[in-house]
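Please look through the sequence and the model below before reading on.

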Amino acid sequence: MQLGPSAAGPVEITDAASMRAFSRERRARNQKVAFVPTMGSLHEGHLSLVRHAKDRAQIVVVSIYVNPTQFAPTEDFEEYPRQNKEDLRKLKEEGGVSAVFMPKNLYAPRNNRDSGTESSESEAEAEDDDTAAASTSDHQTWVSACKLERPLCGKTRPKFFRGVATVVCKLFNIVEPDVALFGEKDYQQLRVIQTMARELDFAVEVVGCPIFRVADGLAMSSRNALLAEGERKKALGISEALSKAAAAVEGLNEGDEVGAHVLCNLVRSTVEKYGGRVDYVDMVDERTLRRVKTVRKAKRSLIAVAAFYRSKHEGQEVRLIDNKVLGGEGSPGEARALKRKVRNLERELRARDHLERENAELRAKLNRMSRPFGFEGMHKYQAARKSIPVKTEISAEKNTAAARNSGFWTVARPSEGTHVGRRMRVLYDQPRQWFTCEVIKESPQGVLTVRYDADGVEDEIDMNKPDFKSTCKFL
Ligand SMILES: Nc1ncnc2c1ncn2[C@@H]1O[C@H](COP(=O)(O)OP(=O)(O)OP(=O)(O)O)[C@@H](O)[C@H]1O
Ligand SMILES: CC(C)(CO)[C@@H](O)C(=O)[O-]
Ligand code: BAL
């Protein structure tokens, strides 16, 4: 059975029981499960989470579910972009995703089943009914991280985080992951889920991942696809505004501080100047999400913004969010990503060091094993040459054994006419075989440096040695 990611693409699972069975089977085989919950309409931001997930576990599960309980009746549940086929194509292309969980409805039908009032008719009805109210009206158990839900997005979307925490709780119970990955774009959501997982004892590590931006700075978001023509340009005001605030803090002297309201006003006016309608701009403590009054260069604070733009759906607005950690050295996700990168690089360096050492050992062994015929003699010959003072040079004609034995060396090239690039064959003794090589350097003393075709190993061959003619042939 296929346990890890398959070339055919992820397994598509639509019911909770099969999803749970899938995960349990993998975990029983000691495979770690990483989970990326999404509402679909996948973009590079989601795929960046998938890549972080692949780094952390053998099994990656992505869920695609537009959760009705996090939308208020006035919000864009109906308009929310849905494109499951395209999403599956993207995940297959990305590779490394083992399963995609795409439940039809996580609320009413299971609720009926649980309460013992099972009715296939009502299940079918509920499954066919996508409206937020109809599919969730029976649901009565909610998860809430009260204090963290109130500020920022909680002011305009009072039931949003209750819906998010509840569906993530359900998804965690179905997928039973070891690790779950969330984007820092939805920073408040990340903090709510981390708190829920910790306080309700989920055995899941909740990891935040850095915001993935388009080259022009806009944070990737599924809702970007809902923007009316010309609105994307206005939305660039958000990242521009956050960068201005970051630059202002960067420009502070150590120990100086700036009022949070000054930076919030800067962000608000920039977003408005670009044409956005600001929902909120707030400066908060990155952990508690409580408002901070001042910002210093050395201390990390989070500036968060939400703004509305015209939707391509008549009369609707698109609400985009973004944030930036000011002061300190970037967001926790960025720090974690950097740490992983450093760790991976160090692992690669260690592996390379190990490879270099292994290569040097093998090269030395190879040199020992396959010296040209009579090589030992050449060593002795070279050693002897060092100890004998060169009295005079003798010509090629006088290059006789007698002359050499008398302690004189030849500088003349043998009649073959060697030159760099000349190809030759050399007889080895172990194994006894001819090898072709090319002259890559020659010394006036008649020592050739050659490189063997077979393995690229370089070697020295002395044309003066007595058996040169019988063991080396120029081509
Ligand atoms: N640009 C991004 N960088 C990093 N993570 C992201 C980015 N966009 C979304 N995510 C993360 O992907 C997960 C799924 O988010 P979701 O499916 O709601 O997409 P989205 O783009 O945030 O949609 P929306 O337009 O509703 O905000 C969340 O954890 C979210 O924080
Ligand atoms: C976490 C989530 C999948 C819950 O529906 C959603 O809020 C999202 O996509 O960020
Ligand atoms: N990315 C969070 C989902 C929502 O805004 O509804």
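Sorted by class, the shell around ligand 2 holds 6 nonpolar residues, 4 polar residues and no charged ones, where Ala, Val, Leu, Ile, Met, Phe, Trp, Tyr, Cys and Pro count as nonpolar, Asp, Glu, Lys and Arg as charged, and the others, Gly among them, as polar. This is a predicted model, in which local features need pLDDT of at least 70 and side-chain atom pairs count only at pLDDT 80 or more, while totals for chains, interfaces and linings use all residues. Residues are numbered from 1 along each chain as its sequence is written, chains are lettered from A and ligands numbered from 1 in the order in which they are written, and side-chain values use heavy atoms, with hydrogens and water left out.

The residues around ligand 2 are P37, T38, M39, N67, Q70, V164, V167, V168, F182 and Q189, a residue being counted if one of its heavy atoms lies within 4 Å of the ligand. A polar side-chain atom of Q70 lies 2.7 Å from an oxygen atom of ligand 2, and a polar side-chain atom of Q189 also lies 2.7 Å from an oxygen atom of this ligand. Of the 290 Å² of accessible area that ligand 2 has on its own, the protein covers 89%, with areas taken from the Shrake-Rupley method with a 1.4 Å probe. The elements that give two or more residues to this shell are β2 (33-38) and α9 (160-175), and α9 gives the most, with 3 residues; helices (H or I, at least four residues) and strands (E, at least two) are DSSP runs, numbered from the N terminus.

Which residues surround ligand 3? They are M39, Q70, R157, F160, D186, Q189 and R223, and by class they divide into 2 nonpolar, 2 polar and 3 charged. A polar side-chain atom of D186 lies 2.9 Å from a nitrogen atom of ligand 3, whereas a polar side-chain atom of R223 lies 2.7 Å from an oxygen atom of ligand 3. The protein covers 86% of the 220 Å² of accessible area that ligand 3 has on its own.

Finally, helix α11 (residues 231-250) and helix α12 (residues 260-274) pack at an angle of about 155 degrees, with their axes 8 Å apart; axes are lines fitted to C-alpha atoms, for helices over the stretch in contact, and angles run from 0 to 180 degrees between N-to-C directions. Because of this angle, α11 is roughly antiparallel to α12, a term used for angles over 145 degrees.

Technical notes
Polar contact = N/O pair within 3.5 Å; in protein donor to acceptor, adjacent residues only side chain to side chain. Parallel < 35°, antiparallel > 145°, perpendicular 65-115°, else oblique.
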